[in-house]
Amino acid sequence: MNRAASKPPLILIVDDEPTMLRYLRTLLEVEGYRVETATNGAEAMQRLQQAPTPELLLLDVLMPVLDGLQTLEQVRQLHPQLKVVMLSCVSDTRKVVQAIRLGAQDYLTKPFQKADLDSLIEQCIGPQHEQTQHVQGDIEDLGDDVFFVSASPAMKKICSQAKLVANVDIPVLMLGESGTGKEVVSRLIHKYSPRAHRTFLKVNCAAVPGDLLESELFGYEPGAFTGATHSKPGKFELCNKGTILLDEIGEMPTMLQAKLLHVLQDQQFSRLGSRTVIKVDVRILAATNIDIPSAIAEKKLREDLYYRLNGFTITLPPLRERREEIGILLRHFISQIAESYGRPSMTISPKLMEACERYPWPGNLRELGNFVKRFLILGDEELAIQELQAGTAGGPGAPGVSGSGEGGLKGLVRNVKDEAEIEAITRALEQTNWNRKKAATLLQISYKALLYKIRQYDIQRSGSMV
């Protein structure tokens with residue numbers, strides 16, 4: 001990635017809402033600005049007493065202890081020329097007038113459009129210098145701390161496809177390696193669909209044993225099975241008029257696939273233990289990382305169900321094929337995870353960024369998120385770089401012997417442990433003819449833990465990705 005000789009403008013964001021801080025930080029860093037954050041007025045004033053002075057201050061009005069207007073008064077005494085834009089979720093004319101009198105350049109009401117923010121920043125500090133090179137990207141806030149990032153041509157095309165197909169009420173099948181963001185695309189489709197104000201539910205077909213998945217999806221009546229003492233609605237009922245994502249659809253038992261096919265055709269079903277037909281209006285999205293032709297040939301996926309689900313297909317590329325987004329995603333994960341762990345956000349050195357961009361990320365976004373967690377917990381940049389370089393040189397799972405001293409030894413021990421786990425899990429699966437429930441019992445771990453390990457190590461059967 002090319003770097004400009006001069007540093008890009010520095011913007012300080014002050015807001016007591018963590019979600020807004022993350023959102024603004026991601027938006028601005030995508031545009032190439034340097035960004036710092038503060039969670040209250042006192043913290044902002046402490047930062048402004050240090051160098052360098054930001055070119056722009058984005059300041060929230062409603063904050064506890066020292067609110068935005070009080071902070072603005074102190075800012076004016078310390079830095080009379082600093083450009084300030086006030087942010088507020090309430091359009092209060094008196095506060096707007098007071099802020100302008102105190103020297104604020106402008107006032108932006110939340111929620112706002114990215115174009116409005118871009119325009120204000122350009123008015124305050126001018127357009128980005130032409131020589132500054134950075135990746136242009138779009139950030140879509142999907143709620144619940146979920147963001148859709150599109151910087152590469154492939155992801156920009158997927159974003160356009162998702163928004164177009166959102167208005168057409170047909171099933172959508174999302175394909176791609178594990179961890180590429182299929183659920184995020186599902187949420188994007190739901191957001192832009194006429195059902196956006198209704199329920200969105202995700203069901204992981206691999207995380208629920210087959211004999212329980214039917215009751216989970218369609219509900220049951222008292223006496224339907226041992227322990228069923230009262231009636232319970234299933235996910236389809238709870239999601240009526242909304243959108244349901246059937247994740248890992250390739251792991252659904254074939255008998256249950258037949259029932260799902262009828263729901264797709266007729267939009268009706270019966271609870272377990274009931275003869276009453278329930279009619280629903282649910283949009284179905286499905287996701288899988290399996291090899292579809294192989295799954296159909298091996299009778300693991302019904303061909304008629306595949307064609308019914310395949311109203312429109314979106315194939316997500318792996319992270320190694322959209323490296324333009326690694327830097328954006330890395331900064332977002334650091335900001336998000338640092339807050340959840342109660343740790344300060346850490347900067348990314350050029351050396352670490354280069355190592356991240358060279359690494360193939362076989363686990364995609366999920367692996368990137370886990371890498372950030374380890375980096376924030378250990379706080380050891382050299383160890384993080386050694387881990388990435390070992391994977392780049394030897395491929396995924398290569399022993400971390402490229403480093404020297406403690407870092408290399410830690411990597412070696414970790415990979416020996418991983419290899420032992422892979423061998424034990426593979427042996428148990430083969431002994432049980434790949435009955436994962438029995439294999440979990442044999443290994444004395446939970447069913448969910450086994451599924452996690454299978455995906456973590458990419459343990460395969462007959463050449464198909466699990």
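In helix α13, residues L329, L330, F333, I334, I337, A338 and Y341 meet L365, L368, G369, V372, K373, F375, L376 and I377 of helix α15, where contact means heavy atoms within 4.5 Å. By class, this contact has 13 nonpolar residues, one polar and one charged. Here Ala, Val, Leu, Ile, Met, Phe, Trp, Tyr, Cys and Pro count as nonpolar, Asp, Glu, Lys and Arg as charged, and the others, Gly among them, as polar.

The model is predicted, so that local features need pLDDT of at least 70 and side-chain atom pairs count only at pLDDT 80 or more, while totals for chains, interfaces and linings use all residues. Residues are numbered from 1 along each chain as its sequence is written, and side-chain values use heavy atoms, with hydrogens and water left out.

**The chain**

The chain has 19 helices and 14 strands. Helices (H or I, at least four residues) and strands (E, at least two) are DSSP runs, numbered from the N terminus. Of the 466 residues in the chain, 48% are buried. Buried means under 20% relative accessible area, exposed over 50%, and partly exposed in between (1.4 Å probe, protein chains only). Among contacts between residues at least 6 apart in sequence, 68% join residues at least 24 apart.

**Helix pairs**

Axes are lines fitted to C-alpha atoms, for helices over the stretch in contact, and angles run from 0 to 180 degrees between N-to-C directions.

| Pair | Angle | Axes |
|---|---|---|
| α13 (residues 326-341) and α15 (residues 364-378) | about 55 degrees | 9 Å apart |
| α18 and α19 (residues 447-456) | roughly 100 degrees | within 9 Å |
| α1 (residues 18-30) and α5 (residues 114-125) | about 65 degrees | 12 Å apart |

Angles under 35 degrees count as roughly parallel, over 145 as roughly antiparallel, 65 to 115 as roughly perpendicular and the rest as oblique. On these terms α13 and α15 are oblique to each other, whereas α18 and α19 are roughly perpendicular.

α13 passes α15 in a right-handed crossing, and the crossing of α1 and α5 is right-handed. A crossing is left-handed if the near helix is turned anticlockwise from the far one by less than a right angle, and right-handed if clockwise.

Between α18 and α19, the residues R436, K437, A439, A440 and L443 of α18 meet Y447, L450, L451 and I454 of α19. The residues of this contact divide into seven nonpolar, no polar and two charged. Between α1 and α5, L24, L27 and L28 of α1 meet K114, L117 and I121 of α5. This contact has five nonpolar residues, no polar and one charged.

**Two buried serines**

S335 is in helix α13. With a relative accessible area of 14%, S335 is buried. Leaving aside residues up to four places away in sequence, S335 touches R22, R25 and S345. S335 and T347 are twelve residues apart in sequence, and their C-alpha atoms are 9.8 Å apart.

S215 is in helix α8 and is buried, with a relative accessible area of 10%. In α8 (residues 210-218), L213, L217 and F218 are buried along with S215. The buried residues of α8 pack against β9 (200-204), α9 (235-238), β10 (243-247), α10 (254-266) and β11 (268-269). Just after α8, G219 takes a positive phi of about 80 degrees.

**Backbone exceptions**

Most residues other than glycine have a negative phi, and most peptide bonds are trans. V65 has a phi near 65 degrees, a positive value in a residue other than glycine. V65 lies in the loop between β3 and α3 (68-78), and at 85% relative accessibility V65 counts as exposed. The phi of N433 is near 55 degrees, which is positive. N433 lies in the loop between α17 (405-431) and α18 (436-443) and counts as exposed at 58% relative accessibility.

The peptide bond from A51 to P52 is cis, with omega near -5 degrees. P52 is in the loop between α2 (41-48) and β3 (56-60).
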